[in-house]
Amino acid sequence: MSGALAAARAGRAPRGALARRVALRLATMVAVMVGAATVAFLALELVADDPVRTVIGLRPATPELLAQVRSDLGLDRSLPERWLLWVGGIAHGDLGTSYQLQRPVLEIVGEQLLPTVELALTAFLLGAAGGTLLALATAGRRPRARAASGAAELLALSTPPFWLGIVLLTVFSFQLGWFPVIGAGESGLRALVLPAVTLAVPIAAMLAQVLRDGLEQALAQPFATTARARGISELRLRTHHALRHALLAVMTLSGWIVGSLLGGAVVVETVFGRQGIGRVAATAISSADVPTVMGVVLLSSFFFVVVNALVDLLYPLVDPRLRGRA
Amino acid sequence: MSALRMRSGVGLVAAQGRRRASRPALLAAELVVLLIALAALAPGLFTSADPLATDPAAAVLAPSADHWLGTDQQGRDVFARVVHGARASLEIGVGATLVAVTAGVLLGLGAALAGRWIATPLLRLVEVLLAFPGILLALLVISIVGNGTREIALAIAVGAAPGYARIVRAETLRVRSAGFVESSIALGVAPGRIVGRHLLPNVVRPLLVLATIGLGETILAGSALSFLGMGPKPPTPEWGSAIADGRDYLATAWWISFAPGAAIVATVVAVTVVGRGWHARLGGGR
Amino acid sequence: MSGVGAAGAGGARAGAVGELLDVRGLRVAFPGAGPGGADVAAVRGIGFTLAAGECLALVGESGSGKSVTARALLGLAGPRAQVAAETLRVAGRDAGALDEPGWRALRGREVGLVLQDALVALDPLRRVGAEVAEAVRAHSSNSRVEADARVLELLAAAGVPEPELRARQRPHELSGGLRQRALIASALAGAPRLLIADEPTTALDVTVQAQILALLERTKADGAGLLLISHDLAVVARLADRIAVMAGGEIVEQGSRERILHSPAHPLTRALLDAARAAERPRQRAEKPSQGLGALEARGLTKRFGDRRAVDDVSLTLARDEALGLVGESGSGKTTTARMLLGLTAPDGGEALLEGAPWSALPERARRARRATIQLVAQDPLSAFDPRWTVERLLAEALSIGQPRRVRGGRRDAIDALLTQVRLDPALRTRRPAELSGGQRQRVAIARALAPGPRILVCDEPVSALDVTVQAQILALLAELRTRLGLSLLFISHDLGVVRQVSDRVAVMRGGRIVEQGPTEQVFTAPEHPYTRELLAAMPRLEPRPARSAAISGPAADPALPQEAAS
Amino acid sequence: AVATTSGCGSSDGSGGATAATTASADADALPSGGRAVDGGTLTYAADTEPEHLDPGVAGTDAAALAVRNVVDSLVAQSLDGEPLPWLASEWTVSDDGRVYEFRLRDGVRFHDGEPFDAAAVKANFDRLLGPQESPGGAQSLVEPIKRVTVVDPSTVRFTLKRPYAPFLTSLSHAFLGIVSPAQLAGDRASLPTRPIGTGPFRVVKWNKGSDLTLERNPDYAWAPEGAANQGPPHLDQVVFRYLPEGSVRAGTLTSGQADVALSIPPVALDGIARNPRLAVSRYDDPGANYVLFLNTRKAPTDDVRVRQALLHAIDVEPIVRSLYRGAFAAPLSILSPTTLGYTPVESAVAYDPDLSARLLDEAGWSERDADGYRVKDGRRLRLDWPTVAEFQARDDRTTFQQLVQSAARRAGFELDLRPTPNTKIVTPMVGGDYNALDFSNKSPDPDILYDLFGSRRTLDQGGANMSKFADPEVDRWLAEGQASQERGAREAAYAQVQERLLEQAVALPFYVHPTIVGVGRHVRGLEWTPAASLSLQGAWLER
Ligand SMILES: Nc1ncnc2c1ncn2[C@@H]1O[C@H](COP(=O)(O)OP(=O)(O)OP(=O)(O)O)[C@@H](O)[C@H]1O
Ligand SMILES: Nc1ncnc2c1ncn2[C@@H]1O[C@H](COP(=O)(O)OP(=O)(O)OP(=O)(O)O)[C@@H](O)[C@H]1O
Ligand SMILES: [Mg+2]
Ligand SMILES: [Mg+2]
């Protein structure tokens with residue numbers, strides 16, 4: 001009876017409305033990305049030094065040269081005009097040309113994307129695995145183990161990442177020689193370990209804290225007592241019941257995780273001399289390379305927006321109670 | 001990365017949980033915070049050495065009776081640098097956190113309570129800033145305003161504010177629909193009073209506790225900026241830049257970066273423990 | 001026979017052990033859990049026995065230790081609990097000597113537990129079928145397919161209609177009654193010889209309550225032992241063979257059902273009985289004819305949430321000095337109606353009038369000046385108070401409405417007067433809401449509502465969160481205040497008995513509409529609408545009524561959609 | 001002159017000249033001996049990644065380091081500054097010093113198979129002389145050239161605008177290396193990432209942000225005269241690995257992950273030198289030392305006494321010694337010892353606190369405030385010193401500057417050090433809004449002084465005169481140094497310039513910047529070039 005009603009209800013939701021919702025969501029995502037890039041644009045264009053000066057740096061600059069560079073970079077146009085051109089360019093996959101490198105931004109960003117994604121993804125997986133194991137092992141158990149892991153997590157969260165990177169390198173690469181910094185191909189994979197670990201440590205620590213908290217909360221709920229009353233084992237209770245609840249708490253962290261992966265890349269890529277978006281971003285900002293900064297921001301906000309959208313999609317999958325709410 | 005950690009407001013709410021530090025741990029943490037605050041206000045109480053006095057002849061000395069924590073590359077007393085560094089480090093940490101919390105409260109309240117024409121743009125702005133990786137935002141701000149202690153605090157605050165704003169907005173919406181606010185409406189209490197007496201205190205108090213945790217993150221963010229060459233200007237003693245400057249000496253003279261590192265860790269851990277303790281004391285989840 | 005475990009299993013094992021439960025001198029304490037780190041002695045040396053096919057009811061006020069006792073029987077009192085007993089034999093085993101695997105073997109298989117909070121006792125993230133299957137598989141080597149078949153069998157036996165569909169749904173998609181039945185199904189999955197049911201019907205609508213009791217009755221009839229826990233004597237009266245009354249962690253009185261119901265020895269037992277009987281008594285007060293203008297009037301109020309009509313064309317009039325009761329099952333739109341009348345929710349259609357003048361149509365700014373006229377006492381006073389404010393400050397805020405700032409002493413006197421008016425010790429002035437008991441809190445809520453000097457009081461389920469004994473006190477207070485202050489009262493409840501005690505007239509809501517309206521005694525004694533009749537039939541009573549059983553057992557009106565979850 | 005001034009990010013090449021008297025390079029420390037074997041990959045850990053590999057557009061040391069292996073120049077230079085035949089086998093110079101005619105080597109081919117001839121040379125220089133897509137280091141090098149003409153396929157003639165003595169030195173620079181005319185005419189887009197030259201190595205793969213792989217040119221048979229290996233390189237591959245962190249570069253070397261590491265941080269030097277498997281070698285960069293330019297047009301540094309007081313107030317030597325562990329030298333002049341015409345001016349730079357105090361008193365800065373700084377008319381003796389944040393990591397400059405700052409404080413100066421983002425520094429620099437700026441300017445020829453101190457070479461005029469110094473006599477000497485073909489006359493002219501600069505305290509010499517490499521002892525056949533760079537053409541790896 002109620003099934004029929006539910007079906008009827010679902011059927012009533014017109015397909016057009018769904019399409020409109022999806023379109024609206026996509027539009028919002030794009031707007032946020034462009035907005036973020038625009039913040040960078042306005043900040044650098046309005047407040048920083050004359051970009052032409054910065055581009056030329058201290059090279060000999062006659063007024064003619066200044067004028068030439070200005071027109072080469074399209075800086076002779078007005079601010080709104082340049083912004084519109086840039087936005088128009090996105091539609092054709094054109095993110096402009098880097099002031100500094102004189103190459104299309106898309107190309108620069110494109111070739112640096114994969115290494116960063118590779119690093120970030122590995123770090124995320126490591127962090128997630130580490131955090132989960134730690135939380136599962138310590139949640140609501142042996143106060144001493146819990147305190148020890150809690151202290152370790154705080155420590156991990158309080159350590160400057162570049163420092164951690166250098167220490168890890170010194171010990172595991174230079175002293176023990178387990179993981180090379182320099183490597184390509186098969187050893188390239190091994191060269192990924194230390195940077196990924198550096199990036200993963202705070203993530204694992206944060207996840208462990210949040211997960212453990214979620215687990216402990218879930219384990220204190222009546223349904224956990226009910227499950228125990230059925231005579232199931234403690235491990236099964238953790239993995240089959242509590243973990244999923246804890247996952248919900250973790251998902252609210254997704255924005256933070258994306259941010260810390262991308263932001264962490266800036267530091268870790270420098271320490272380990274890795275390719276990647278992070279370094280491009282840092283140099284581009286320090287040289288007021290507006291198109292490159294905008295490109296990087298567009299891209300990193302893309303990840304943020306996409307991950308947020310994914311999490312929004314995942315929420316109802318993990319928590320069915322959210323289904324059917326708009 | 002740490003520049004970003006401060007944006008984790010959402011996570012922090014979840015992270016701090018119901019756990020309560022044991023009483024002695026909380027007490028110890030409060031003591032540490034007190035000592036650090038004291039060092040920031042009156043460093044002379046702890047050391048008479050001049051943190052700025054360089055001496056090339058006494059550079060990179062290992063810890064000894066004369067120099068408890070050794071000397072740095074410039075022959076300055078590391079202990080004195082660490083003690084005197086508390087001020088700038090806290091200025092960055094506390095300053096950034098205060099600015100971020102204030103901006104976050106204004107933005108968040110606006111986005112939650114103002115009319116559509118104000119709230120929607122505010123909300124979008126918060127989203128846009130959130131999507132902007134924090135460390136890039138901080139670098140951007142510094143590249144524009146420069147890098148005095150205050151400017152750095154501002155830069156970090158700009159990165160942290162949207163996180164707070166998001167929490168404030170969510171909390172405000174939650175509290176606004178809470179029974180007690182509705183009861184006040186039903187009583188006929190004026191809107192301004194409701195915001196001032198009911199909404200704000202209930203939104204801000206948990207936020208202040210969060211901010212104690214955010215404080216550690218801002219100090220770390222400052223050190224990441226130093227690493228990227230955008231730290232506070234020398235010779236200001238400051239922990240983050242001390243670690244960054246001492247990193248080449250890690251293998252040969254560990255104490256140079258270890259001492260300020262330990263100071264950061266101690267501060268962050270203590271402040272976090274205190275924050276959690278107070279959060280639990282203030283009644284946890286509410 | 002559908003083969004719900006208890007029958008077969010109970011039969012097979014009946015001869016092995018006589019007593020399922022033999023408890024003597026059970027003590028449970030929570031060291032350091034009390035205020036200021038004091039120890040909490042939740043259970044203080046109680047004893048009882050239970051045999052197969054028998055039902056023992058544990059009744060008592062909130063906090064008397066019933067639930068803790070139940071959980072202690074399964075070793076689930078929690079990590080911080082200290083459990084001690086002279087004798088603790090559960091299903092023939094010495095529970096005192098059990099280790100964790102030993103407990104696990106006992107749980108689910110020998111003893112099934114239905115936890116107090118039925119609505120949250122199933123994992124909200126998992127399918128109902130998986131929850132029951134987990135119980136099935138925990139104690140057998142059934143294959144997945146066999147287990148699935150068994151799940152359907154169990155759900156059907158527990159009276160869950162369309163078990164295939166329900167097994168695939170998640171708890172939030174089930175109504176409270178269905179959830180409670182699924183929970184009982186999962187508790188029965190291991191074919192336990194003993195079923196412990198902790199408040200299995202609290203928070204359910206009367207009609208659903210009746211169905212659950214019928215299900216438990218069947219389980220008992222099938223030969224299982226039943227430990228039934230409730231704070232409501234009327235609920236247990238039907239099922240229990242023996243009743244034990246708990247107070248303050250001790251059993252103050254224990255005996256056969258007849259003895260307890262008819263010749264109670266302990267004052268507490270009598271208080272519980274009185275509270276239950278009040279609901280069955282016709283109203284004492286003479287009914288006043290409604291006079292003059294309406295104090296509050298609803299004209300065709302309609303409210304939609306999404307594509308669902310929560311309130312559909314509701315028209316009501318609350319006359320001056322009148323008490324109007326609004327009853328209806330959960331989700332029928334009572335609260336929404338009240339909110340529209342209070343001007344807290346804007347109606348989609350229709351209008352609310354206050355003392356004959358436009359009200360819901362006005363902007364909030366214009367309403368504010370007249371808000372003192374109409375006040376609300378909410379269901380859950382805890383959430384209605386700013387948790388950080390003291391009683392004094394809460395009342396001061398309410399007193400300041402529409403009144404010039406008074407001198408300090410004057411305000412203080414006014415606060416004390418308010419507290420005295422609701423029979424509270426003025427010394428409670430400095431407490432915060434969390435530091436008050438439920439009854440005290442509700443009194444403060446009433447005091448606050450009285451502070452601005454209202455002429456109309458809207459009470460939305462003001463007593464449903466309270467113990468029966470406390471409930472009775474609050475109802476008496478409301479009645480007294482009404483006559484003393486000449487208030488008009490809109491009283492909302494899902495509990496027919498409560499409404500009957502308070503109201504002059506009653507309106508019955510269902511699915512957003514008013515299905516019947518009339519003087520209280522007329523509606524209760526000669527209901528016109530079939531739904532009203534169904535409600536009345538399901539009302540639990542101390543004395544069983546012969547003619548009702550047919551109406552109870554039908555699968556009947558499960559709300560089609562998850563209403564509890566949404567509200 | 002090569003007048004790029006962005007800190008150390010200036011140019012480098014294989015030109016240069018060594019002052020015969022000063023042994024400023026411990027080239028001997030490079031591992032040597034054994035018989036060369038072919039094969040193997042050499043991993044070279046470097047600090048900075050080039051932004052560009054197109055020699056005509058590139059502008060940094062990092063670019064020169066890589067590009068030098070890919071393109072050859074017309075001439076090379078010996079360590080003592082003599083020009084040597086390379087792609088040009090011989091040349092003549094007209095008497096007025098304005099016309100150079102080069103005879104080109106036969107049988108030279110580009111990596112793409114194109115032959116090298118006079119037309120190729122002309123195509124390269126015409127590109128640099130024409131309107132540029134982006135101005136690079138080569139621009140200033142070709143500035144004196146009026147036109148280039150093909151005399152016959154193997155003869156090319158350069159006509160200069162004026163006599164210009166450093167011309168051959170300029171031509172030896174990597175940025176004037178010759179790329180394939182086919183690439184110039186056709187696939188120009190690949191120039192920045194894959195220049196096609198005639199050099200001993202060619203570009204295989206460049207992972208931006210990480211590493212650059214070069215591969216042996218098996219046909220190479222035109223090494224500069226005097227090079228030990230006249231044939232193709234021994235190494236199969238060279239991989240430049242870009243690691244900005246000093247401790248990480250040192251670590252890769254000690255752990256054997258890198259064979260050569262550039263810019264070893266001084267703290268790590270002791271450890272490497274003690275390591276039996278490793279060696280440290282250094283070569284002082286030619287050009288201008290790392291100095292502090294004082295703005296002669298802005299108070300209080302417009303007062304020569306204040307400048308002199310600062311110069312005498314700071315004892316640079318112990319600072320350099322302690323911080324750089326003896327790896328760096330304290331300079332006695334503006335020019336570095338490996339530069340032609342280097343003249344120590346000991347008396348002018350001597351540490352003399354009493355003299356300093358006297359000078360300040362004379363100049364009116366006689367009182368001190370509560371913080372110990374000198375004041376005059378209620379204003380503190382404060383010098384505004386913006387530093388370029390980007391360069392601060394080099395040589396632990398932050399530390400160095402702070403040591404200077406604190407030494408100056410004792411004399412009553414407040415040096416207001418302000419690390420400034422790149423985006424914020426150009427405008428104040430060009431506008432002259434500073435008292436002090438610190439830079440080092442690597443260059444193969446003393447003519448760098450023209451750019452740094454010529455009165456018409458201020459920043460707004462495209463020069464690098466950060467002191468805003470204007471002295472007609474100095475201008476005259478600088479012109480002489482450019483025009484004279486005679487070594488002795490040039491040396492004399494530059495000697496006078498150096499003396500005058502320090503008498504006027506226009507700049508404070510800080511330290512002589514050496515290029516320091518750590519090398520595995522298994523790496524043999526490395527040679528220093530006069531531009532303080534390692535030549536890899538003769539290198540080989542011992543098994
Ligand atoms: N885990 C616990 N920690 C501390 N005290 C507890 C715990 N569980 C129960 N108590 C206390 O034990 C006493 C008995 O609680 P119990 O839940 O058994 O009451 P109850 O009779 O079931 O009441 P209700 O009718 O409200 O369910 C209460 O005072 C309660 O506060
Ligand atoms: N804010 C809301 N948004 C969406 N749906 C709502 C909202 N408030 C109420 N509803 C829905 O409207 C219907 C009527 O709700 P209402 O709270 O008025 O019922 P009720 O009779 O008071 O029930 P209960 O006895 O459970 O309090 C329910 O189905 C509920 O889910
Ligand atoms: Mg209970
Ligand atoms: Mg309701």
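**Ligand 1**

I began with helix α2 (residues 66-72) of chain C, which gives the most to the shell around ligand 1, with four residues. Helices here are DSSP runs of H or I, at least four residues long, and strands are runs of E of at least two, both numbered from the N terminus. Before going on, I noted that this is a predicted model, where local features need pLDDT of at least 70 and side-chain atom pairs count only at pLDDT 80 or more, while totals for chains, interfaces and linings use all residues. I also noted that residues are numbered from 1 along each chain as its sequence is written, that chains are lettered from A and ligands numbered from 1 in the order in which they are written, and that side-chain values use heavy atoms, with hydrogens and water left out.

Which residues come nearest to ligand 1? I got C:Ser62, C:Gly63, C:Ser67, C:Val68 and C:Gln116, out of 14 around it; a residue is near if one of its heavy atoms lies within 4 Å. By class I have four nonpolar, six polar and four charged residues in that shell.

Next I looked up polar contacts (here, pairs of N or O atoms within 3.5 Å). A backbone N or O atom of C:Gly63 sits 2.7 Å from an oxygen atom of ligand 1, and a polar backbone atom of C:Ser64 is 3.2 Å from an oxygen atom of ligand 1. C:Gln116 brings a polar side-chain atom to 2.7 Å from an oxygen atom of the ligand. Of the 630 Å² of accessible area that ligand 1 has on its own, the protein covers 66% (Shrake-Rupley method, 1.4 Å probe).

**The magnesium ion**

What coordinates ligand 3, the magnesium ion? I found C:Ser67 (OG) and C:Gln116 (OE1), at 1.8 to 2.2 Å. Donors are N, O and S atoms within 2.8 Å of the metal (3.2 Å for Na, K and Ca), and the site may look incomplete because water is not among the atoms. C:Ser67 lies in helix α2 of chain C and C:Gln116 in the loop between β7 (111-114) and α4 (128-138), so the pair ties together parts 49 residues apart in sequence.

Are the two buried or exposed? C:Ser67 counts as buried at 14% relative accessibility, and C:Gln116 as partly exposed at 34%. The cut-offs are under 20% for buried, over 50% for exposed, and partly exposed in between (1.4 Å probe, protein chains only).

**Ligand 2**

Here 14 residues are around the ligand, and C:Ser330, C:Gly331, C:Lys334, C:Thr335 and C:Thr336 come nearest. An oxygen atom of ligand 2 is 2.7 Å from a polar backbone atom of C:Gly331, and one is 2.9 Å from a polar backbone atom of C:Lys334. The protein covers 73% of the 630 Å² of accessible area that ligand 2 has on its own. α12(C) gives the largest share of this shell, three residues.

**Chain A**

I checked helix α10 (residues 222-229) of chain A: seven of its eight residues are buried, so it is largely enclosed by the rest of the structure. Just after α10(A), A:Gly231 takes a positive phi of about 90 degrees.

Conventions:
A polar contact is a pair of N or O atoms within 3.5 Å; within protein, one must be able to donate a hydrogen and the other to accept it, and residues adjacent in sequence count only if both atoms are side-chain atoms. Ala, Val, Leu, Ile, Met, Phe, Trp, Tyr, Cys and Pro count as nonpolar, Asp, Glu, Lys and Arg as charged, and the others, Gly among them, as polar.
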